[in-house]
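Visitor: I have a structure open and would like to learn how to read its features. Could you walk me through a few of them?

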Amino acid sequence: PYMSPLMFCKGAVEVTVVPGSLQGDTASVSCKPVSSYYTLTNRTKTRTPSAGKYSLSRDWLTNGNNLIVTGNVPTFRKDLINIYDSGSFFMHTFLERLRAKGIVVPESYGFTELPSDGAEQMARWETPVQKVLNQLMKESDNLNAEAMLCRIASQATGKKHVTAEDGIVEIMKLVRNLGHDPKDYKIADGCGLSNYNYLSPALLVDFLKYAYSQSDVFQKLYKSLPVAGIDGTLKNRMKNTPAFRNVHAKTGSFTAINALAGYLKMKNGHTLAFAIMNQNVLSAAKARAFQDKVCEVIIGL
């Protein structure tokens, strides 16, 4: 069976969803690479709007690997979803393939650092931080967001082996340094998909102000943010308005929640940091329209 090196590097599974022949049928869901390392729950319906919006997720909060596909499937679609612990994912699946070929291998495995004596580097690939940030912010890439959280931990602690929790600890240190009480907030992941994330617009604005005060940080962050009417998740927003090109901001959406935070240029030339959070919204489109209008008004002040 197909094993993509790129998917294993990302710790990802490719999920293909094909609608059934009749309305109301459960859609067909297949995954690559095939592995018993993860499980699949299929709660889809073919061309059935009442089934709700299509969703692909996993049990992020418990670091589980049950892939959950739900909602209405009107057309064919293919998505990627990351798997927890990519190293174990690879080894588990690799050993399964060996056994399928009749090769006897042990049930257990472990990881250790390669000894420096006698080791020779064959290749090295480094991705610039700016490139990762651009993909993360402009396209709202959840996988890169999770990876960036671990990168923060690695850079701050100097440890070779880190977890997402190590990254969260570092963020909470900054929360305290900015004058906020970490006990008032909760960060559960790097991409914001967890129901257990609790932040405030005031905290986000203080983060943005802090980034603005650090020129090396701000230059990278500002360049990565979607630009109103130009690219990323703001490509089709605020066109033909005073906000066009003047808003550089990150979108954020979840069930009944819609947010926008970043920087805007006012007509007097000043740069302003802002954060808008709409909760309990029945219409995401109306929430986005509200955010766009707020930006237009502020720019015109």
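This is a predicted model: local features need pLDDT of at least 70, side-chain atom pairs count only at pLDDT 80 or more; totals for chains, interfaces and linings use all residues.

Visitor: Let's begin with charges. How many salt bridges are there?

Guide: The general idea is a cut-off: a side-chain nitrogen of Lys or Arg has to lie within 4 Å of a carboxyl oxygen of Asp or Glu. By this rule, the count is eight salt bridges.

Visitor: Which residue forms a salt bridge with arginine 77?

Guide: That is aspartate 79, and the closest N and O atoms of the two are 3.0 Å apart. Arginine 77 has a relative accessible area of 32%, so it is partly exposed. Aspartate 79 is partly exposed as well, at 21% relative accessibility.

Visitor: And what does arginine 99 pair with?

Guide: Arginine 99 forms a salt bridge with glutamate 107, with 3.8 Å between the closest N and O atoms. Here arginine 99 is partly exposed, at a relative accessible area of 32%, whereas glutamate 107 is exposed, at 66%.

Visitor: Lysine 159 and aspartate 166 also meet in a salt bridge. Is aspartate 166 buried or exposed?

Guide: To read that, you need the cut-off: buried means under 20% relative accessible area. Aspartate 166 has 19% relative accessibility, so it counts as buried. Lysine 159 is partly exposed, with a relative accessible area of 37%, and the N to O distance in this bridge is 3.6 Å.

Visitor: Where is leucine 61 found?

Guide: Look in the loop between β4 (55-58) and β5 (66-73). Leucine 61 is partly exposed there, with a relative accessible area of 48%.

Visitor: Last, the helices. What describes two packed helices?

Guide: The angle between their axes and the distance between the axes. Take helix α3 (residues 129-138) and helix α7 (residues 215-224): they pack at an angle of about 45°, and their axes are 8 Å apart.

Visitor: Why are α3 and α7 called oblique to each other?

Guide: Angles under 35 degrees count as roughly parallel and those from 65 to 115 as roughly perpendicular. The α3 and α7 angle is about 45°, and the two helices are therefore oblique to each other. As for handedness, α3 passes α7 in a right-handed crossing.

Methods. Residues are numbered from 1 along each chain as its sequence is written. Side-chain values use heavy atoms; hydrogens and water are left out. Buried means under 20% relative accessible area, exposed over 50%, partly exposed in between (1.4 Å probe, protein chains only). Helices (H or I, at least four residues) and strands (E, at least two) are DSSP runs, numbered from the N terminus. Axes are lines fitted to C-alpha atoms, for helices over the stretch in contact, and angles run from 0 to 180 degrees between N-to-C directions. Angles under 35 degrees count as roughly parallel, over 145 as roughly antiparallel, 65 to 115 as roughly perpendicular and the rest as oblique. A crossing is left-handed if the near helix is turned anticlockwise from the far one by less than a right angle, and right-handed if clockwise.
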